[in-house]
Structure formats: structure tokens, C-alpha cells
Amino acid sequence: MKAEGSRQVDAGQSQPGRNSGGAWCGAEAAATTRRRAKAELERESELMEAVCERGNLMLAYQRVVENRGAGGVDGIERAQFKDHLQQHWPAIKAKLLAGEYIPSPVRRVDIAKPQGGVRTLGIPTLTDRLIQQALHQVLAPIFEVGFSESSYGFRAGRNAHQALKAAQRYVAEGRRVVVDIDLEKFFDRVNHDLLMEKLGRRIGDGRVLRLIRRYLQAGMMADGVVSPRTEGTPQGGPLSPLLSNILLTDLDRELERRGHAFCRYADDCNIYVRTEAAGERLMVSLIRYLAERLKLKVNEAKSAVAPPWERKFLGYSLSWHNEPRLRIAGSSYQRLRQRVRGVLKGATGRKLSRVIEELNPVLRGWAAYFKLAQTKKALEELDGWIRHKLRCILWRQWKRSYTRAKNLMKAGLPETRAWQSARNGYGPWWNSGASHMNAAFPKAYFDRFGLVSLLDTVRRLQCAS
């Protein structure tokens with residue numbers, strides 16, 4: 001396209017009689033050619049047509065519905081979404097193809113972080129989520145080829161477990177110092193102009209570029225008031241993870257150029273070096289690079305240069321051994337305990353079988369993610385704590401000494417011991433951890449109810465893989 005434009009300029013300059021008075025000067029010719037090339041590119045590009053193609057949209061619709069997300073500011077939920085699309089999609093598609101579609105504001109949702117502070121999500125409407133997912137499916141293959149092998153987040157065929165194994169390998173090779181970079185409010189501080197410039201290098205369809213910018217600038221609604229946005233790409237939409245990878249690819253390439261071993265999962269980046277001095281130099285250099293080149297700020301309070309076993313990465317940590325073992329970070333245990341407490345809240349009024357039924361998906365999902373753990377003791381302790389919580393529910397349900405004694409005898413305790421235990425005067429938590437409750441309701445009792453054992457599940461998953 002540009003070559004054709006150059007030939008047109010050359011032809012014009014070789015025939016001065018056709019543009020008397022110097023009207024066709026070099027600068028004007030170049031500008032006209034650029035405008036013509038851009039217009040032709042927009043007309044000839046079929047990227048938006050690919051986004052709106054029926055098969056692509058059907059796949060996007062399936063993924064949006066399967067994610068079971070909440071609705072946005074328009075109040076349309078999943079149950080109403082299909083009818084809404086049948087009525088309004090032809091008009092929406094026409095606007096997309098014409099480059100005239102305007103996204104709705106996102107709904108602000110603040111979620112408390114385990115370490116303190118708040119993570120702000122921007123929840124798009126289901127219609128905008130559908131369009132963003134359709135965009136993602138078309139754009140991801142275009143940019144995927146340019147992503148780093150050390151980038152593991154939100155990419156097809158890549159996951160957190162691969163990043164963790166790579167980190168373990170780097171430490172085993174002797175890189176026993178980690179430069180742990182924490183980007184301060186990354187998703188809230190993405191520079192729109194910088195991101196759009198990177199997108200424009202690979203996308204020739206102006207309609208797609210304009211649509212992405214509109215998504216970046218869509219207001220955020222909280223308490224009925226819409227606030228404009230001039231920076232950031234809020235978490236909550238399908239497009240946000242891809243845009244974060246596109247922006248941070250420059251960081252990946254810079255680290256590769258310097259020959260560093262690193263793992264990046266979205267905005268979570270760990271670089272592994274051999275000495276603390278090298279790590280300190282790298283930290284200073286990266287703070288400057290990120291500020292100058294990507295307009296991003298490093299949270300120096302949360303970032304550190306330290307041994308890997310003093311830091312956590314994707315919920316895991318590493319042991320200090322020459323052949324380091326993956327272990328579960330302490331904060332990950334605490335988060336599971338909080339989730340279990342949430343499920344068990346008010347469980348005194350429910351049947352034990354129902355409580356376990358609600359608890360199992362939480363335990364099963366946690367065990368599946370932490371199946372790389374190479375430590376046994378902590379999982380045993382967690383299993384024991386969960387059974388302790390369930391025995392406490394039983395003890396509270398029985399209420400009266402008579403009922404407690406009867407149930408202990410029914411579970412196999414001698415009558416004398418059952419009555420002594422029922423009348424000991426101690427509270428529910430003490431009794432649920434005492435020997436009489438452990439003898440009456442051992443692990444096998446909860447196994448019969450189908451309670452997921454974290455240790456058994458992790459071992460089974462490790463054997464399967």
C-alpha cells in the first residue's frame with residue numbers, strides 16, 4: 001500500500017506541469033498519500049468483519065455465559081441476555097461495522113485484598129463483555145507470536161504452574177536471589193496513548209482501534225455517578241488481560257536483551273539473579289526503565305531483592321534446599337481458612353452432609369491449584385483443622401448434655417466416657433478437638449460423607465500427572 005503511494009508521489013514530481021504553482025509540494029503530497037493509504041487500509045481491512053463473524057460471536061457468547069459473571073450498569077443478567085441480543089444485535093452489529101459503537105460505562109466493584117487495600121474491578125455489561133471476548137479471540141493470535149516465552153499469564157496453553165516450575169528451575173541452577181517487582185496499581189495506571197501506539201503497530205483496522213480506545217475511556221459508574229477515565233484498563237473485562245500483556249511485552253524484551261532469567265504472570269514479575277548486588281542494581285534499573293518507557297510506577301514498599309524462600313510467587317514459595325521444593329505460601333493457607341469459615345458460617349442449622357457438599361468445591365479447587373506442593377505436614381494440619389471445625393458444628397448442634405452423651409455412645413464411646421465428656425464443662429472448640437470427639441468421629445467418618453481431603457487429593461493429582 002505504501003509502495004503504491006510512493007509511486008504516485010514520484011509520478012507527480014516527474015510531471016511538474018500537472019501541478020503548476022508548486023501546489024503539489026513534497027510535504028502536502030506525503031500527507032495526502034498517508035491519508036489515502038489510511039483510508040484504503042481501513043476499507044480493505046476485514047478485522048472488524050472477523051470480530052462480527054457468526055462463528056466467532058457464538059464462541060464468545062458461549063464463554064461469556066459459561067463464566068457466569070454478574071450484569072453491568074444496564075441491569076441485564078444472563079437469564080435475559082439471549083432475548084436482549086435477539087432484539088438488539090442487528091443494530092449493534094451495524095454500529096460496530098460502521099465504527100460508531102459506543103460502549104456503556106463499567107460498574108465499579110471494590111474487593112478487599114488479603115494483604116490490605118482494595119482492588120477495583122470494572123464490570124462491563126454483558127453486551128460489552130461479548131464484544132470484548134469476540135475482539136480478544138481475533139486479536140490474541142495476532143499478538144501471541146510476539147509474546148515472550150517467559151510470559152505465562154492469560155495465554156492459551158500457558159498457566160501459573162508452568163511459571164512456578166520455571167522459577168524452581170532457575171533457583172536450582174544457582175540463581176538464589178529474586179528481584180520481586182510489584183507494579184503499583186498497574187491496571188489503574190496503564191497509559192492509554194502508549195498502549196494505543198503499540199496496538200496500532202499491528203492493527204490496521206481503524207474501527208477496531210477506535211473501539212478499543214472507547215473501551216479504555218468508558219466511564220466507571222459507582223452509586224449512579226459516572227466518572228471519566230483517562231488512564232488504566234480496569235480488571236473485569238475479557239480484553240484487559242490481553243492489553244496488559246501487550247503493554248508489558250516491552251519489559252519482557254528488555255529483560256531478554258539483558259540475558260535475565262525471569263517469570264512474568266500478568267503484572268506479577270520475578271527475575272532471578274545470582275548475587276544480591278546484581279539484584280539491587282537490576283531493581284534500580286527497572287524502576288527507572290518502567291517509569292520512563294512504560295509510564296508505570298513500582299511499589300517499592302512491596303517490591304524486594306531477597307532469597308526466593310522469603311518471598312511468595314503466585315501463592316507458592318520455595319524451600320532453601322539446593323534442589324528447592326515448591327511449598328504453599330503462608331498467606332495462601334490463611335485465605336483458604338477464611339473461605340472455609342465463610343462456608344461454615346451459620347452451619348449449625350444445616351445437616352453435616354449439606355455442609356460438606358458446599359465445602360467440597362472450595363477444597364477441590366484449592367487442592368487442584370496447589371497440587372505442585374512438595375510439603376506434606378501443612379496439608380495434614382489443614383485437613384485436621386477442617387475436621388476440627390466440622391466436629392465443632394456437631395457439638396454445637398447437640399446443645400444438651402443428654403444429646404451429646406447419646407450421640408457419643410451411638411458413635412461407639414463407652415457410656416461412662418460419653419457422659420463424662422458430655423458434662424466436662426468445656427466449650428465447643430475445646431471439645432471438638434479433644435480425644436473423645438476424635439475417637440467418635442475420626443477421619444474415616446468424614447470420608448464416608450465424601451469430605452475432600454487436601455492431602456489425599458494433592459497426592460492423587462501428583463500421581464496422575
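Predicted model: local features only at pLDDT ≥ 70, side-chain atom pairs only at ≥ 80, totals over all residues.
Residues are numbered from 1 along each chain as its sequence is written, and side-chain values use heavy atoms, with hydrogens and water left out.

The cysteines come first. A search of the whole structure finds zero disulfides, a disulfide being a pair of cysteine sulfur atoms within 2.5 Å. Cys52 is buried, with a relative accessible area of 3%, whereas Cys463 counts as exposed at 72%. Here buried means under 20% relative accessible area, exposed over 50%, and partly exposed in between, with a 1.4 Å probe and protein chains only.

Attention now turns to the strands. Helices (H or I, at least four residues) and strands (E, at least two) are DSSP runs, numbered from the N terminus. Strand β3 covers residues 177-182, and because five of its six residues are buried, it is largely enclosed by the rest of the structure. Two strands pair if DSSP finds at least two bridges between them. Strand β7 (residues 268-273) runs antiparallel to β3 and is joined to it by six bridges; in β7, Ile271 is the bridge partner of Val179. Strand β8 (residues 304-306) is also antiparallel to β3, with three bridges between them; in β8, Ala304 is the bridge partner of Asp180.

Finally, helix α5 (residues 78-98) contains His88, which counts as partly exposed at 34% relative accessibility. His88 and Thr127 lie 39 residues apart in sequence and 9.9 Å apart in space, C-alpha to C-alpha.
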